[in-house]
Amino acid sequence: MASATPEIQQRVEQLRSELQKASYAYYVLDNPIMEDAVYDQLYRELENLETQYPELITPDSPTQRVGDKLSEQFTSVKHHIPLYSLENAFNLEEFTRWQERWQRIAPETKQFEYVCELKIDGSAIALTYENGLLVRGVTRGDGVVGEEITQNIKTIRSIPLRLQSDHPPARVEVRGEAFLPVEEFERINQEKAATGESLFANPRNAAAGTLRQLDPKIVDRRRLQFFAYTLYIVDTENQSYPQTQWESLEFLQKIGFLVNPNRKLCQSLEDVEQYYQHWDTRRRNLPYMTDGVVVKINDYDLQKQLGFTQKFPRWAIALKYAAEEAPTRVKNITVNV
Ligand code: NAD
């Protein structure tokens with residue numbers, strides 16, 4: 001393998017430093033300095049260069065990090081199942097390659113189903129219920145450890161404080177996306193503009209910033225919403241509980257959560273493609289922001305067999321939509337290699 005030229009080394013260092021700055025602004029300050037599409041493009045370029053020249057990988061490279069930075073203002077809580085990010089596919093070819101990859105790990109799988117869900121542009125949170133009562137709400141954090149924000153989470157009206165069930169499982173974890181509807185995001189920014197405060201860049205940063213507010217009263221005034229999309233019941237051997245993602249979404253709805261109705265059970269790549277195209281234009285009419293679709297293998301046994309990489313579940317992928325505007329700022333730091 002050819003070794004990296006000084007130009008390539010310089011490019012890698014430059015990408016690393018730009019991405020580190022952007023990540024800090026995005027996750028810690030909730031105030032991004034570049035568009036997401038630009039970030040994704042630069043990240044992909046760095047990943048490709050590091051694959052080609054592994055000797056250039058450093059432990060502080062953004063590609064070696066699992067998730068967000070944690071704030072010291074909240075108590076840290078370890079997730080008992082990691083709450084990792086999702087691998088991205090930026091087009092259907094990449095999606096097909098992902099399918100081929102997982103099929104190589106489980107070659108005996110002849111029949112399978114996917115659940116397609118909209119990718120809501122908000123902040124992932126994990127809720128724990130004990131004997132039906134909400135006891136804890138935690139941010140995704142770095143995927144392994146999150147921040148305890150129970151008081152803030154209790155202000156979200158679509159999160160039940162008690163599950164609607166006469167015989168709730170002893171311990172349930174529900175994960176989903178806290179988000180700000182576009183109208184609410186605009187109202188908050190108008191209010192901020194009126195008082196001369198700096199504005200939120202987008203609904204996703206506004207949601208993340210709101211969840212980490214130290215004053216729950218401020219959180220309460222901003223009407224966050226929550227779509228549930230993951231269910232973990234500790235007593236998994238009990239066969240009366242859901243054994244697939246699709247059944248889980250229905251179960252979540254039954255026990256009192258808001259579940260996004262725009263989901264689809266797919267049997268083939270063609271079905272996934274159709275869902276993806278269908279929502280590409282229609283998503284602009286939704287009252288909340290989406291930036292892609294999430295495709296998950298339906299069967300829990302197959303999910304378990306595939307497991308996780310260091311950063312992602314192998315049984316799900318985010319199929320992203322192309323950015324709305326041209327990524328202009330990427331030009332400023334492009335070096336020919
Ligand atoms: P991600 O947004 O690409 O995907 C993972 C997340 O999707 C999950 O954690 C969850 O919160 C969310 N999600 C929404 N709907 C879901 C559903 N139905 N099922 C499961 N998950 C669902 O990954 P990420 O790690 O949260 O963030 C990385 C992204 O952040 C990058 O794509 C990048 O664009 C952006 N970013 C931007 C900047 C910037 O400077 N603009 C900096 C850092 C990161």
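Student: Where does aspartate 121 lie, and between which two strands?

Tutor: Helices and strands here are DSSP runs numbered from the N terminus, a helix being H or I over at least four residues and a strand being E over at least two. In this structure, aspartate 121 lies in the loop between strand 3 and strand 4. Before we go on, note that this is a predicted model, in which local features need pLDDT of at least 70 and side-chain atom pairs count only at pLDDT 80 or more, while totals for chains, interfaces and linings use all residues. Residues are numbered from 1 along each chain as its sequence is written, and side-chain values use heavy atoms, with hydrogens and water left out.

Student: Is aspartate 121 buried or exposed, and which residues does aspartate 121 touch?

Tutor: The word buried stands for under 20% relative accessible area, exposed for over 50%, and partly exposed for what lies in between, using a 1.4 Å probe and protein chains only. Aspartate 121 has a relative accessible area of 12%, and therefore it is buried. Contact means heavy atoms within 4.5 Å. Not counting residues up to four places away in sequence, aspartate 121 touches Glu177, Phe179, Pro203, Arg204, Met289, Thr290 and Asp291.

Student: At which residue does UniProt place the feature "active site"?

Tutor: Such positions are given in the numbering used here, with shortened feature names, and the annotations may be inferred rather than shown by experiment. In this case the unreviewed UniProt entry places "active site" at Lys119. Lysine 119 is found in strand 3, residues 114-120, and counts as buried because its relative accessibility is 13%. Leaving aside neighbours within four places in sequence, lysine 119 is in contact with Met289, Thr290, Asp291, Gly292, Val293, Val294, Ala318 and Lys320.

Student: How many residues does the largest nonpolar core have?

Tutor: A nonpolar core is a set of buried Ala, Val, Leu, Ile, Met, Phe, Trp, Tyr and Cys residues joined through side-chain atoms within 4.5 Å. The largest one has 34 residues, and Ile125, Leu127, Tyr129, Ile159, Val174, Phe226 and Phe257 are those with the most contacts inside it. At least two residues of this core come from each of strand 4 (123-130), strand 7 (171-179), helix 5 (182-194), helix 6 (203-211), strand 8 (225-233) and helix 8 (245-254). Strand 8 gives the largest share, four residues. Another core, of 30 residues, lies apart from it, with Phe112, Ile120, Tyr288 and Leu306 among them.

Student: How many aromatic pairs are found in the whole structure?

Tutor: A pair of aromatic rings is described by the distance of the centres and the angle of the planes. Rings of Phe, Tyr and Trp (its six-membered ring) pair if their centres lie within 6.5 Å, and planes under 30 degrees apart count as stacked, over 60 as edge-to-face and the rest as tilted. The whole structure has 15 aromatic pairs. One of them joins phenylalanine 95 and tryptophan 98, a tilted pair with 5.3 Å centre to centre and 40° between the planes. These two residues are separated by about one helical turn, because they stand three residues apart in helix 3 (residues 92-105). Phenylalanine 95 is buried at 0% relative accessible area, and tryptophan 98 counts as buried at 2%. The rings of phenylalanine 308 and tryptophan 315 form an edge-to-face pair, because their centres are 6.1 Å apart and their planes are at 80°. Phenylalanine 308 counts as partly exposed at 32% relative accessibility, whereas tryptophan 315 counts as buried at 12%. Ring pairs also link Phe95, Trp98, Trp102, Phe112 and Tyr114 into a cluster.

Student: Over which ring does the charged end of lysine 192 sit?

Tutor: A charge sits over a ring if NZ of Lys or CZ of Arg is within 6 Å of the ring centre and within 35 degrees of the ring normal. The charged end of lysine 192 sits over the ring of phenylalanine 200, 4.5 Å from its centre, and that of arginine 263 sits over the ring of tryptophan 246, 5.5 Å from its centre.

Student: How many disulfides does the structure hold?

Tutor: A disulfide is a pair of cysteine sulfur atoms within 2.5 Å. The structure holds zero disulfides. For cysteine 116, which is in no disulfide, the nearest cysteine sulfur is that of cysteine 266, 3.6 Å away. Cysteine 116 counts as buried at 0% relative accessibility, and cysteine 266 is buried with a relative accessible area of 0%.
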